[in-house]
Amino acid sequence: MARAIWTGVITFGLVSVPVGLFTATEDHTVHFHQLQRGTSDRIRNRRVNERTGKEVEAADIVKGYETGEGEYVVVEPDELDEIAPGRSRTLDITDFVDLDRIEPVYFGRTYYLAPRGEEYLKVYELLRTALAETGKAGVATFVMRNRQYLTALRAEEKVLLLQTLHWADEVRDPVRELPELPSGRVGRGKELDMALRLVDALSGDWDPARYRDTYQEKVRDLVRAKAEGSEVAVAEEAPRATNVVDLMDVLRGSLEQARGTSGGERAGATGGGERAQKPRKKAGAGRGRADASRKKGTAPSRGASSRGGEPGRSRSELRELSKSELYERATEREIPGRSKMSRAQLVDALSGGTRGTRKKTTAA
């Protein structure tokens, strides 16, 4: 059961409801310790005086605001505590605004708000329903852990969400800050029409379960493979930038691909814009079946190249596979040098080209 990180009261007008604030998300990132290379010795960070190199105790550390080169205004920890706002117990909604009028750049972290007791369920649901039916968000401020937050209360199914908002002076002006932005809007034309058709072809209902963090999966695979002494497929090369001259051809090809691809297999459904990959096999997996086939003299399956190409796979079919999938097949066929091959070289080797041929012995 989750624990509230803040408790207080929501107020709007003369109505109030006691609530608890709960973290809505959790981190799934793989975390590493720092070690000295060649050892299992942990590395620890220490606070040291940059002039003397000696470690400094926490009690002897103060904060300094630099006013000039080498000049500081020193502020003691208790001085900050004296001016810090006390922990507030109230989320006082001062305004209701249209939710879709708050630009996404202002949103920060998301929390759940829950009523603190069965007797407050009716008032809680009253506020949630009012926000849901009006499409409004309640703007309020509160203090937690010596910091004041600007927030937006919004309704979701069965629950109130509190989202922290950035203050106006924390949001950068993109026109002033970014080096290059379009000077005008794209006019009507074939390119825009094709782009709109592509967006329509790739449109669907929002389903967060369709997406996953494939990079973290690869990190776990890397750790597992290194522990087992197995090889790991390298990442695909980044796609080249689209040339403006080829824009129509690229849009047309993208539209044809989108029309021939089911929603569950669309690029990007796994996160990171790549195809969902099959579970990777250990290096050498599947060799037993290949060796047994060769010993029995079994003829290659229909579609195999006379030069030892991938059984049942043409060069065009191989080009549709990701580099990881190509690498998996190259591992099964024991193609030498596969770990250093580019995607194009893997396709050539698997289709029976000259850049890679099958050998029965040492794997790359």
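Visitor: Which residues of H9 meet which residues of H10?
Guide: The model is a predicted one. On the H9 side the contact is made by Lys 323, Leu 326, Tyr 327, Arg 329 and Ala 330; on the H10 side it is made by Arg 343, Leu 346, Val 347 and Leu 350. By class, these residues comprise 6 nonpolar, no polar and 3 charged.

Visitor: Why does Glu 334 count as buried?
Guide: The cut-off for a buried residue is under 20% relative accessible area. Glu 334 has 5% relative accessibility and therefore counts as buried. Glu 334 lies in the loop between H9 and H10.

Visitor: What is noted about phi of Glu 334?
Guide: Phi of Glu 334 is near 60°, a positive value in a residue other than glycine.

Visitor: Where does Lys 158 lie, and why is Lys 158 called exposed?
Guide: Lys 158 is in the loop between strand E8 (147–156) and strand E9 (159–165). The term exposed requires a relative accessible area over 50%; Lys 158 has 69% and is therefore exposed. Lys 158 also has a positive phi, of about 75°, although it is not a glycine.

Visitor: Why does Arg 128 count as buried?
Guide: Arg 128 belongs to helix H2 (residues 121–134). Its relative accessibility is 13%, and the limit is under 20%; Arg 128 therefore counts as buried. Leaving aside residues up to four places away in sequence, Arg 128 touches Ala 155, Glu 156, Glu 157, Lys 158, Val 159 and Leu 160.

Visitor: Why are H4 and H6 called roughly parallel?
Guide: Helix H4 (residues 190–201) and helix H6 (residues 247–259) pack at an angle of about 20°, with their axes 9 Å apart. The criterion is an angle under 35 degrees, so H4 and H6 are roughly parallel to each other. Their crossing is left-handed. By class, the contact of H4 with H6 has 9 nonpolar, 1 polar and 5 charged residues.

Visitor: Which residues form the contact of H4 with H6?
Guide: From H4 come Lys 190, Glu 191, Met 194, Ala 195, Arg 197, Leu 198 and Ala 201. They meet Leu 247, Met 248, Leu 251, Arg 252, Ser 254, Leu 255, Ala 258 and Arg 259 in H6.

Visitor: How do you know that E1 pairs with E2 and with E5?
Guide: Pairing requires at least two bridges between two strands. E1 (residues 6–12) and E2 (residues 15–23) have 7 bridges and pair in the antiparallel sense. Val 9 stands opposite Pro 18 in E2, and Phe 12 stands opposite Val 15. Between E1 and E5 (residues 90–98) there are 3 bridges, in the parallel sense; here Ile 10 stands opposite Leu 91. Both pairs therefore meet the criterion of at least two bridges.

Visitor: What lies between the strands of the E1 and E2 hairpin?
Guide: The hairpin has 2 residues between the strands, and Gly 13 takes a positive phi near 65°.

Visitor: What makes E1 mostly covered?
Guide: Of the 7 residues of E1, 5 are buried.

Visitor: In what order do the 7 strands close into a barrel?
Guide: The order is E1-E2-E6-E9-E8-E7-E5, with mixed pairing. Neighbouring strands of this sheet are turned by 40° against each other on average, direction ignored.

Definitions and conventions
Residues are numbered from 1 along each chain as its sequence is written. This is a predicted model: local features need pLDDT of at least 70, side-chain atom pairs count only at pLDDT 80 or more; totals for chains, interfaces and linings use all residues. Side-chain values use heavy atoms; hydrogens and water are left out. Buried means under 20% relative accessible area, exposed over 50%, partly exposed in between (1.4 Å probe, protein chains only). Helices (H or I, at least four residues) and strands (E, at least two) are DSSP runs, numbered from the N terminus. Contact means heavy atoms within 4.5 Å. Ala, Val, Leu, Ile, Met, Phe, Trp, Tyr, Cys and Pro count as nonpolar, Asp, Glu, Lys and Arg as charged, and the others, Gly among them, as polar. Axes are lines fitted to C-alpha atoms, for helices over the stretch in contact, and angles run from 0 to 180 degrees between N-to-C directions. Angles under 35 degrees count as roughly parallel, over 145 as roughly antiparallel, 65 to 115 as roughly perpendicular and the rest as oblique. A crossing is left-handed if the near helix is turned anticlockwise from the far one by less than a right angle, and right-handed if clockwise.
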